[in-house]
Amino acid sequence: MSLIDGLPDGSGVRLLAPAKVNLTLHVTGQRDDGYHLLDSLVVFADHGDLLHVALSEVDAISVTGPRAAGVPMDTRNLCLKAARLAGQSVRVALEKHLPNEAGLGGGSSDAAAVLRAIARLTSAPVLASAERIGADVPVCIPSRAMRMRGLGDVLSEVPALPPLPAVLVNPGIPVATPPVFKALQKRDNPAMPEVPQNLKTVAEVAAWLTLQRNDLQAPAISIAPEIAGVLAQLASAESCLLARMSGSGASCFGLFASTEQSDRAAMIISKANPTWWVQSVVLK
Ligand code: C5P
């Protein structure tokens, strides 16, 4: 069981559903059914949604927190979808801190947390076919640094990375994933090389990442040009080592050598853009 999950609480369990960040996202092909082949280095933040999950006779969900608005409460809710696929009714209290449709895997991370909770509370193995809920759900089950390939369902371990101080920024424009894939100009891009064994500092990680890509960044900017402004503000922040979009956007991340630097950049960007969601985090 993951260290991000708390002790059993009453009849249920408390969990953190951390933000997912794609440090790289290479689109390497497309299958006949339209789905794309991905190659992505995925890490997780020390910030996310909070859930309390208990076994129940009937499904029930409550959503509170600063980002509760817009979370579907019906069968489209990924927490309930996860429970249904796992064959277990649950009562979920979701405290939403991550923006929706933001490239941070919020819904996927919530669904993965529900699957972890069900596995823990029933002593059953975690649902194997989690990709049926969403491409990001399998990697969100362990919620630690992984290389993600295939449709998102082929996971492999990566060499240890140093903790990465970062600023996450979402400009408040929901960006749906399918149109971003549709806007891709080229689908058979080169795969990501092996992650090097000896990346010891944030600067070394950033230097290696600079040679890699998020192939969805340009198509996402063509749909939501505000993303270019987010990237420009991150890149021009003092001491920013790399600025890139996560997932299919619109959220972007900037990497910094220290949490003092990321805290300071987050404060400045937040002050200049009061409507943006800005968070200083550590990625692992
Ligand atoms: O699985 P998820 O709900 O995140 O996918 C959203 C959409 O993104 C899919 O309906 C599909 O259009 C696109 N997608 C894709 N190839 C993937 C993952 C997602 O084309 N590997």
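This section describes the domains, the ligand shell and selected local features of a predicted model. Local features are reported at pLDDT of at least 70 and side-chain atom pairs at pLDDT 80 or more, whereas totals for chains, interfaces and linings use all residues. Residues are numbered from 1 along each chain as its sequence is written.

The protein chain is divided into domain 1 (5-154) and domain 2 (159-283), with bounds that come from an automatic or database domain assignment. The C-alpha centres of the two domains lie 21 Å apart. Domain 1 gives 28 residues to the contact and domain 2 gives 35 residues; two residues are in contact if their C-beta atoms, placed from the backbone, lie within 7 Å. On the side of domain 1 that touches domain 2, the elements giving two or more residues are β2 (12-22), β3 and β4. Helices (H or I, at least four residues) and strands (E, at least two) are DSSP runs, numbered from the N terminus. The largest share of this side of domain 1, eight residues, comes from β4. By class, the side of domain 1 that touches domain 2 comprises 13 nonpolar, 11 polar and four charged residues. In this classification, Ala, Val, Leu, Ile, Met, Phe, Trp, Tyr, Cys and Pro count as nonpolar, Asp, Glu, Lys and Arg as charged, and the others, Gly among them, as polar.

The ligand lies between the domains, because domain 1 (5-154) and domain 2 (159-283) both give residues to the shell around the ligand. The shell consists of Tyr35, His36, Leu38, Gly134, Ala135, Asp136, Leu151, Gly152, Thr177, Pro178 and Phe181, a residue being near a molecule if its C-beta atom, placed from the backbone, lies within 6 Å of it. At least two residues of the shell are supplied by each of β4 and α4 (177-182). The largest share, three residues, comes from α4. Six residues of the shell are nonpolar, four are polar and one is charged.

Strands β3 (residues 26-30) and β4 (residues 36-55) run antiparallel and are joined by four bridges; strands pair if DSSP finds at least two bridges between them. Within this pair, Gly29 stands opposite Leu37 in β4. The two strands form a hairpin with five residues between them, and Gly34 in the turn has a positive phi of about 95°. The pairing of β2 with β4 is likewise antiparallel and extends over 10 bridges, with Gly12 opposite Ala54 in β4. Strand β2 is largely enclosed by the rest of the structure, because 10 of its 11 residues are buried. A residue is buried if 20 or more other C-beta atoms lie within 10 Å of its own, exposed if 12 or fewer, and partly exposed in between, with C-beta atoms placed from the backbone.

In helix α1 (residues 78-86), the buried residues are Leu78, Cys79, Leu80, Ala82, Ala83 and Ala86. These residues pack against β5 (60-64), β6 (90-95) and α2 (106-122). Just after α1, Gly87 adopts a positive phi of about 75°.

In helix α7 (residues 226-235), burial applies to Ile227, Val230, Leu231, Gln233 and Leu234. Seen down the axis of α7, the buried residues fall within an arc of 165°, so they line one face of the helix; the arc is that of the directions from the helix axis to the C-beta atoms. An α-helix has 3.6 residues a turn, so residues three or four places apart point the same way. The buried residues of α7 pack against β9 (164-170), α6 (217-223), β10 (242-245), β11 (252-255) and α8 (259-272). Gln233 counts as buried because 23 C-beta neighbours lie inside 10 Å. The C-alpha atoms of Gln233 and Ala243, 10 residues apart along the chain, are separated by 9.0 Å.

Backbone features also occur in loops. The peptide bond from Gly249 to Ala250 is cis, with omega near 5°, and Ala250 belongs to the loop between β10 and β11. Glu101, a residue other than glycine, has a positive phi near 45° and is found in the loop between β6 and α2. With 19 other C-beta atoms within 10 Å, Glu101 is partly exposed. Ser123, in the loop between α2 and α3 (137-140), has a positive phi near 55°. Ser123 counts as exposed, with 6 C-beta neighbours inside 10 Å.
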